[in-house]
Amino acid sequence: MFRQLLHEPSHTYTYILGDLATGRAVLIDPVLDMEDRDLQILAELGLELDTVLETHVHADHVTGAWLMQQATKSKIGMLKASGAK
């Protein structure tokens, strides 16, 4: 399944990709302070967060990923091309 979420104040999109058969999900580009919304949607969909992916680097996304990792013990992934270390 695919869900697109919008954080209107920053005009930032976050995406949830989920496999309903396995109950596993990937969260792409989470926004700081939206972890409660994202966790609620994952729970409503019956999905367990496996990985948070960052497609680009902004302070709000990195911090959002860390908060999701702390809440769910998920992994964080980033594109090698981003130059992040």
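Good morning. I begin with one feature of this structure: Phe2, Tyr13 and Tyr15 form one aromatic cluster. Please bear in mind that the model is predicted.

How many aromatic pairs does the structure hold? There are two. In one of them, Phe2 and Tyr15 are stacked, with 5.8 Å from centre to centre and 25° between the planes. Phe2 belongs to strand β1 and Tyr15 to strand β2, so this pair ties together parts that are 13 residues apart in sequence. Tyr13 and Tyr15 also form a pair; their ring centres are 6.4 Å apart and their planes stand at 25°, so this pair is stacked.

Are these residues buried or exposed? Phe2 counts as exposed, because its relative accessibility is 52%. Tyr15, at 22% relative accessibility, counts as partly exposed. Tyr13 is partly exposed as well, with a relative accessible area of 37%.

β1 and strand β2, which covers residues 12-19, pair in the antiparallel sense over six bridges. Within this pairing, Phe2 stands opposite Leu17 in β2.

Thr12 also has its place in strand β2. Why does Thr12 count as buried? Its relative accessibility is 12%, and a residue is called buried when this value is under 20%. The side chain of Thr12 is joined to that of Ser10 by a polar contact of 2.7 Å.

Five strands form an open sheet with mixed pairing, in the order β1-β2-β3-β4-β5. Its edge strands are β1, residues 2-7, and β5, residues 75-78, each of which pairs on one side only. On average, and with direction ignored, neighbouring strands of this sheet are turned by 20° against each other.

Which strands does helix α1 lie across? Helix α1, formed by residues 35-44, lies across β1, β2, β3 (24-28) and β4 (48-54). Its direction is at about 160° to β1.

Finally, I come to the protein as a whole. The protein contains two helices and five strands, and along the sequence these follow the pattern β-β-β-α-β-α-β. Of its 85 residues, 35% are buried. Among contacts with a separation of 6 or more, 52% are between residues 24 or more positions apart. The protein exposes about 5100 Å², and carbon and sulfur atoms supply 57% of that area.

Thank you for your attention.

How values were computed. Residues numbered from 1 in each chain as written. Predicted model: local features only at pLDDT ≥ 70, side-chain atom pairs only at ≥ 80, totals over all residues. Heavy atoms only, no water. Pairing = 2+ DSSP bridges. Helix = DSSP H or I, 4+ residues; strand = E, 2+ residues; numbered from the N terminus. Axes fitted to C-alpha atoms, helices over the stretch in contact; angles between N-to-C directions. Contact = heavy atoms within 4.5 Å. Buried < 20%, exposed > 50% of the residue type's maximum accessible area, 1.4 Å probe, protein only. Areas by Shrake-Rupley, 256 points an atom, 1.4 Å probe, with all protein chains shown as cover. Polar contact = N/O pair within 3.5 Å; in protein donor to acceptor, adjacent residues only side chain to side chain. Phe/Tyr/Trp six-rings, centres within 6.5 Å; stacked < 30°, edge-to-face > 60°.
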